[in-house]
Amino acid sequence: MKKYRHIFFDLDHTIWDFDKNAEEALKELYEIYKLKEVGLSSADLFIETYTRNNHSLWAQYHVGKITKDYLREARFKTTFLELGMHPDVIPIGFEDAYVALCPTKTNLFAGAHEVLTYLKSRYVLHLISNGFKESTEIKIAGTNIGGYFDQIIISEVIGINKPDKAIFEHALKSAGAKKEESIMIGDSLEADVRGALNFGMDAIYFNPMGLSKPDDVPEQIGKLAELVWIL
């Protein structure tokens, strides 16, 4: 691995364990909203269905096919309807309750603090997130990871999403960094990995699920701790 000076991280699904935190929040909301009483007999099926729909919508949001408002409006409505809930009994305010609760969860991927501490002693670290401003700031504050990063770039704030080359250009300019001395680490093949590679910057695919690695992806890790050995 060649010498780098700047490391750019994704947040959700890379450092902040989105699915685990969402599961915790949804289990709480399942009970609060008494979803079993309105026809959703399985909390696990509800969470599984929501997770699939949410991932699909986020993939569309990354590439600009849908808006933030549409994503937030559609992900639970689609899930409730898919599971057979009558439109008249879809709980009002569920999305708002989820948005308020989920970002307060603090599960990070294993070794996050240790790895970030190690890397910060050797590199300049940065964060580039396609997340929404308010929830991203809550996640960072709640997990006490903000101090690791020299800059935190939130796509909603600057109006550009990964994989657009412009967000990587903005990040490098803000950091005073060059492409050849920088590397991007993230879980999204399109937004993080191919976004960086198409911009001309190296990238590492964070692949904790052990999915098949595409041929055009040069480097992958399954655990954050692996970064200690390769960087």
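Predicted model: local features only at pLDDT ≥ 70, side-chain atom pairs only at ≥ 80, totals over all residues.

Is glutamate 156 buried, partly exposed or exposed?

A: In it, glutamate 156 is partly exposed, at a relative accessible area of 29%. Its side chain meets that of lysine 68 in a salt bridge, 2.8 Å from N to O. Lysine 68 sits in helix H3 (residues 68–82) and glutamate 156 in helix H7 (residues 155–158), so this pair ties together parts 88 residues apart in sequence. Lysine 68 counts as buried, with 19% relative accessibility. The cut-off for buried is under 20%.

Next comes arginine 72. Its side chain forms a salt bridge with glutamate 134, at 3.1 Å from N to O. Arginine 72 also lies in helix H3, while glutamate 134 lies in helix H6 (residues 133–143), so parts 62 residues apart in sequence are tied together. Arginine 72 is buried, at a relative accessible area of 15%. Glutamate 134 is partly exposed, at 33%.

These residues belong to one network. Salt bridges link Lys68, Arg72, Arg75, Glu95, Glu134 and Glu156.

Another pair is worth a look. Arginine 194 and aspartate 216 meet through their side chains in a salt bridge of 2.7 Å, N to O. Here arginine 194 is in helix H9 (residues 189–199), and aspartate 216 is in the loop between strand E5 (202–206) and strand E6 (220–221). The two are 22 residues apart, and the pair links distant parts of the chain. Aspartate 216 is partly exposed, with 41% relative accessibility.

Definitions and conventions: Residues numbered from 1 in each chain as written. Heavy atoms only, no water. Salt bridge = Lys/Arg side-chain N within 4 Å of Asp/Glu carboxyl O. Helix = DSSP H or I, 4+ residues; strand = E, 2+ residues; numbered from the N terminus. Buried < 20%, exposed > 50% of the residue type's maximum accessible area, 1.4 Å probe, protein only.
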